[in-house]
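Subject: Model for you to look at

Hello,

The structure is pasted below, and my notes on it follow. Please read them with the model open.

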Amino acid sequence: AKIEADPEAEPPAKEEKHVFTFRRIFIHSSEEEAAQRANRERLSQRLEAKLTEFSAKLSSSCWRKQSLAQAQKALDKLLDSSAGKLYSTHLQAAPDNKKGWTLEWSMDREKLAHAESLDGYYTLMSSVSEDAANLDQIFRDYKAQTHIERRFSEWKGPLQLRPVFLK
């Protein structure tokens, strides 16, 4: 196949560029705040239990043979969570020239205060202009979205019919 350009043809028109303006809407939910705090507390308790267990294992014969880098890698894996980011840890060689490691940890109060200050907040982005809808309307539409998506899901799913009995 051979493709040739027509020398007399006009070049294609430039595409119009559309500029969209987005509004960021910050929302605070007291229910979400309570849920996030409860979840953080639950995760922190679980992490504290894992750190206690790990600390006890560090003096075992298995961990006495491991290097500090290997112990730190295992600790980092434990702390790789949202609750883990709230803790400060210190891993060092066991005292009295014993082989093994000791672990100290504490919750960083500044990090906790920062995390708590963000509890319950989330952001909505909207391209709807202020003239077309106010903040309350955008928020109501956002909340209604789950109902609409559930209906679409029901339409796409299997049709449920009841039996019809005829005489």
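**Ala 115 and helix 4**

Ala 115 lies in helix 4; helices here are DSSP runs of H or I with at least four residues, strands are runs of E with at least two, and both are numbered from the N terminus. The model is predicted, so local features need pLDDT of at least 70 and side-chain atom pairs count only at pLDDT 80 or more, while totals for chains, interfaces and linings use all residues. Residues are numbered from 1 along each chain as its sequence is written, and side-chain values use heavy atoms, with hydrogens and water left out.

Is Ala 115 buried or exposed? With a relative accessible area of 18%, Ala 115 is buried (buried is under 20%, exposed over 50%, partly exposed in between, with a 1.4 Å probe and protein chains only). Apart from neighbours within four places in sequence, Ala 115 contacts Arg 40 and Leu 86, contact meaning heavy atoms within 4.5 Å. Ala 83 is 32 residues from Ala 115 in sequence, and their C-alpha atoms are 10.0 Å apart.

Helix 4 covers residues 109–118, and its N-terminal end is capped by Asp 108, which has a side-chain oxygen 3.1 Å from the backbone nitrogen of Glu 110. After helix 4 comes Gly 120, with a positive phi near 85°.

**Strands 1 and 4**

Strand 1 (residues 23–28) and strand 4 (residues 121–126) run antiparallel and are joined by 6 bridges; strands pair if DSSP finds at least two bridges between them. In this pairing, Ile 25 stands opposite Leu 124 of strand 4. Ile 25 is on the covered face of strand 1 with Arg 23 and Ile 27, whereas Arg 24, Phe 26 and His 28 form the uncovered face. In a regular strand, side chains alternate between the two faces of the sheet.

**Helix 5**

Helix 5 (residues 135–156) has 22 residues and spans 32 Å from first C-alpha to last, close to the 32 Å expected at 1.5 Å a residue; the expected span is 1.5 Å times one less than the number of residues. At its start, a side-chain oxygen of Asn 134 comes within 3.3 Å of the backbone nitrogen of Asp 136. A kink of about 30° is centred on Ala 144, the bend being the angle between axes fitted to the seven residues ending there and the seven starting there.

**Whole chain**

The protein chain has 5 helices and 4 strands, in the order β-α-α-α-β-β-α-β-α from the N terminus. Of its 167 residues, 19% are buried.

Regards

Technical notes:
A polar contact is a pair of N or O atoms within 3.5 Å; within protein, one must be able to donate a hydrogen and the other to accept it, and residues adjacent in sequence count only if both atoms are side-chain atoms.
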